[in-house]
Structures are given as C-alpha cells and as structure tokens.
Amino acid sequence: MKAIILAAGKGSRLGKVTKNIPKGMIKIHGKTLIERQIKIYRDLGIKDITIVTGYKNEIIDFTEINYIKNQDFETTNMNESLFCASEKFSDSLIISYTDIIFEQKIIQQVLESSADIGISVNLNWQIKYEGRTLHPTSEAENVLIENGKVCQIKKDISKKTPNQKIGEFMGIMKLSKNGSKIMLEKYLHL
C-alpha cells in the first residue's frame with residue numbers, strides 16, 4: 001500500500017493564510033495538515049508516501065517522503081495533480097486531499113473496503129455548508145449513491161430518485177492494485 005497526498009493547490013479562498021504557504025502547511029494545534037496525514041499513514045504501516053506539490057512547493061519538506069511537482073498546478077486541477085504521480089499506480093493506493101482533517105479510523109474504514117475503488121463519503125454533509133459564503137453547496141464534490149454503489153461524482157448534484165442518496169466526497173480514495181490499473185487506463189483513455 002502506498003499513499004499519495006495531493007498538495008499542489010494554492011488555497012486562494014483562504015486569503016492571507018495561504019499567501020506565503022501551501023494550504024497543507026497550515027498548522028492546527030501545532031501540527032500541519034500534512035504532518036497529521038503522514039503520521040496517520042505511518043501509524044497504519046504505510047511507509048511509501050508521495051506528496052504532489054505545486055504552489056510554494058519548496059516549503060513542503062518532510063523526511064522519507066517522495067515528492068512530485070505538478071508543474072502546471074496554476075492551470076490544472078486535482079485530477080492532473082493525481083496523475084502526475086501515475087508511476088505510483090502499480091500498487092494499491094490511498095489518496096487524500098491535503099486540506100482535510102481526518103481521524104485514523106476513517107482511513108482504516110476505507111482500507112477495509114473490498115472494492116477495487118472505494119471513496120469516503122459524508123451523507124450528512126449539508127450541515128457543514130450552513131452560513132458559508134466562500135464555498136457554497138454548489139461547489140461541493142457530490143456523490144450520487146444507489147444500492148451502496150457510486151453512480152456519479154461531480155459538483156452540484158441536486159436531482160435523485162427515491163432510492164438514491166446524495167453525499168459529499170470527503171477527499172479520500174482507496175484503490176486496490178486492480179483499481180489503480182482501472183483508474184490509470186481510464187485516465188489515459190480520456
């Protein structure tokens with residue numbers, strides 16, 4: 001199992017907070033967001049960790065970590081950052097956005113999935129958007145679920161049938177070795 005942390009983005013919605021640092025280097029209770037993720041992965045026995053950098057990449061500097069820079073981070077998105085690390089797609093992977101905080105049990109649950117491609121989803125997501133002005137619900141990365149399977153992932157899903165649920169992608173994905181192959185083939189095809 002390998003881990004990829006996607007940390008190329010600028011974090012412009014955070015304004016002054018990310019003027020001089022990447023958003024993954026924001027400290028909460030004395031630890032950066034990236035440090036928190038590295039610790040969780042290492043505690044779970046995941047030692048091969050790659051960080052895809054971009055904005056102010058020279059500031060992200062941890063020992064025993066692999067680094068890949070998305071040279072086009074200013075004009076591309078999370079998908080392009082992920083596939084900058086395509087060389088890692090020869091094994092099972094856990095992938096996370098840099099700007100999320102999660103507990104170890106979330107990663108354990110995702111790792112326990114027997115699916116080739118598994119994602120973390122929050123079904124009670126709309127509460128987090130109450131009172132927000134900079135990131136409205138229309139910007140949420142929604143997940144349409146039917147019978148426990150993901151039908152669609154995209155921003156602003158609002159229509160569903162009675163047997164479907166709409167959740168929010170939490171920024172954590174697990175790929176089995178076969179799932180990594182499927183994702184890479186689909187990306188190259190598209």
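Colleague: How much accessible surface does the protein chain have, and what share of it belongs to carbon and sulfur atoms?

Modeller: Accessible areas are computed by the Shrake-Rupley method with a 1.4 Å probe, and for residues only the protein chains shown count as cover. Here the accessible surface of the protein chain is about 11,100 Å², and carbon and sulfur atoms account for 48% of that. Bear in mind that this is a predicted model, in which local features need pLDDT of at least 70 and side-chain atom pairs count only at pLDDT 80 or more, whereas totals for chains, interfaces and linings use all residues. Residues are numbered from 1 along each chain as its sequence is written, and side-chain values use heavy atoms, with hydrogens and water left out.

Colleague: What share of the residues counts as buried?

Modeller: A residue is called buried under 20% relative accessible area, exposed over 50% and partly exposed in between, using a 1.4 Å probe and protein chains only. By that rule, 42% of the 190 residues in the protein chain are buried.

Colleague: How does the radius of gyration agree with that of a compact globule?

Modeller: The radius is taken over C-alpha atoms, and the globule rule is 2.2 Å times the number of residues to the power 0.38. For 190 residues the rule gives a value near 16 Å, and the protein chain has 16 Å, so the two agree. Along the principal axes, the C-alpha atoms fill a box of roughly 50 × 40 × 35 Å.

Colleague: Which helices and strands are there, and in what pattern do they follow along the sequence?

Modeller: Helices (H or I, at least four residues) and strands (E, at least two) are DSSP runs numbered from the N terminus. The protein chain has four helices and 10 strands, in the pattern β-β-β-α-β-β-α-β-α-β-β-β-β-α.

Colleague: How many aromatic pairs does the structure hold, and what do they tie together?

Modeller: Rings of Phe, Tyr and Trp (its six-membered ring) pair if their centres lie within 6.5 Å; planes under 30 degrees apart count as stacked, over 60 as edge-to-face and the rest as tilted. The structure holds five such pairs, among them a tilted one between Tyr41 and Phe102, with 6.3 Å centre to centre and 45° between the planes. Because Tyr41 lies in helix α1 and Phe102 in the loop between β6 and α3, this pair ties together parts that are 61 residues apart in sequence. Tyr41 and Phe102 are both buried.

Colleague: How are the planes of Tyr97 and Phe169 placed, and are these residues buried or exposed?

Modeller: Tyr97 and Phe169 form an edge-to-face pair, 5.6 Å centre to centre with 90° between the planes. Tyr97 belongs to strand β6 and Phe169 to strand β10, so the pair ties together parts that are 72 residues apart in sequence, and both residues are buried.
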